[in-house]
Amino acid sequence: METKNIWIDTDLSVGMKRHIREGYCDVDDGYALLQLFKAENIDIKGISAVFGNTQIDDAYRLCQKMSTEFAKNKIPVYKGAGTAIDLQNVESNEAVEALAEALKKDELTILAIGPASNVGILLLKYPELNKQIKEVVLVAGRRNPTDYFRIGNQGNHARDLNFDLDNHAFNIMFEAGVAVTLCPFEISSKVWVKGEDLKALDNGEAGNQWLAEHSQPWLDQWLSQGADGFNPFDVLASHYIISPEDIISEDLKAELQIHPDDTIKENERNVFKNYLLCHKDGTYPVKYCHDVVPNYHKKLMNSLTKKS
Ligand SMILES: [Ca+2]
């Protein structure tokens, strides 16, 4: 089996309360990291934290915790961007510098499961390193502006958070010509984690138990929205890196278009935002992952519950 050298860039927020409104933060980055820690064909060269689901200091602390307590070998962890890229004042950070050094040594696949700010800054500061990036795998995008990210049955639409929080980072990647693979809501909305899955996780190793415990309030939040479970968005991207044969994709072209913000109820064309749209007639080539193989759920649970 060929070993893949990867870098993880994450806005890990397992167990955090939201800093902007009521409720808990997403736990999905935790599933992605745990799955990669357990995979035999993956060599993780570094983990960088980025803002997004939570604030940068919390994401960084959680990256350190997961690396120290749950990884087979200790993986170096770096603190990255705390805000979106400001084109008027582009500053590097510890994570970008470490990623640059790692890319000078090895060609890497980058799993960017938060806003892509660190990758964007890297490509602005070190444009020549684009050739060392094998692929960037991200969680973002949709086909049409009316493909809403419906959560539960109460009319709530989720944001395309990673893209919404830093549009520039995506543009920079596209313009740098790096290979971009997207695992958007379209694919993750077909995969559910339910109460019985948390029980199975809770029977496993320390990392599994920690994740199961902190997933319960997140699951309860989805159930209260009228869903049967939650979609573990980021784990589709990690799964694609570990076992691409389980993920169904097509080659499309991405573009940015401005439309009314669908996450605001009764938006009378007052608030607009960029959408990352993927179709045949866009501008930038992307691999667009849109479905999973039959019996995917079993494969996912096996990958998460197996022994390290
Ligand atoms: Ca994430």
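**Note on aromatic pairs, charges over rings and cysteines**

1. Both Trp 218 and Trp 222 are buried (buried meaning under 20% relative accessible area, exposed over 50% and partly exposed in between, with a 1.4 Å probe and protein chains only). The two residues belong to helix H9, where they are four residues apart, about one turn of the helix. Helices (H or I, at least four residues) and strands (E, at least two) are DSSP runs numbered from the N terminus.

2. On the basis of these values: the model is predicted, with pLDDT of at least 70 required for local features and 80 or more for side-chain atom pairs, while totals for chains, interfaces and linings use all residues. Residues are numbered from 1 along each chain as its sequence is written, and side-chain values use heavy atoms, with hydrogens and water left out.

3. Rings of Phe, Tyr and Trp (its six-membered ring) are taken to pair if their centres lie within 6.5 Å; planes under 30 degrees apart are stacked, over 60 edge-to-face and the rest tilted. The count under this rule is ten aromatic pairs. In one of them, Phe 70 and Trp 210, the ring centres are 5.3 Å apart and the planes stand at 40 degrees, so the pair is classed as tilted. This pair links distant parts of the chain, since Phe 70 is in helix H2 (residues 56–70) and Trp 210 is in helix H9 (residues 206–224), 140 residues apart. Phe 70 counts as buried at 11% relative accessibility, and Trp 210 is buried with a relative accessible area of 10%.

4. For Trp 218 and Trp 222, the ring centres are 6.1 Å apart and the planes stand at 65 degrees, so this pair is edge-to-face. Both residues also belong to one aromatic cluster, formed by Phe 149, Phe 185, Trp 192, Trp 218, Trp 222 and Phe 233.

5. A charge is assigned to a ring if NZ of Lys or CZ of Arg is within 6 Å of the ring centre and within 35 degrees of the ring normal. Arg 142 lies over the face of Phe 149, a member of the cluster, at 4.0 Å from the ring centre. Lys 273 lies over the face of Tyr 275, at 4.8 Å from the ring centre.

6. The whole structure contains zero disulfides, a disulfide being a pair of cysteine sulfur atoms within 2.5 Å. Cys 63 is in none, and its nearest cysteine sulfur, that of Cys 25, is 14 Å away. Cys 63 is buried, with a relative accessible area of 0%. Cys 183 is likewise in no disulfide, the nearest cysteine sulfur being that of Cys 289 at 3.9 Å. Cys 183 is buried, its relative accessible area being 0%.
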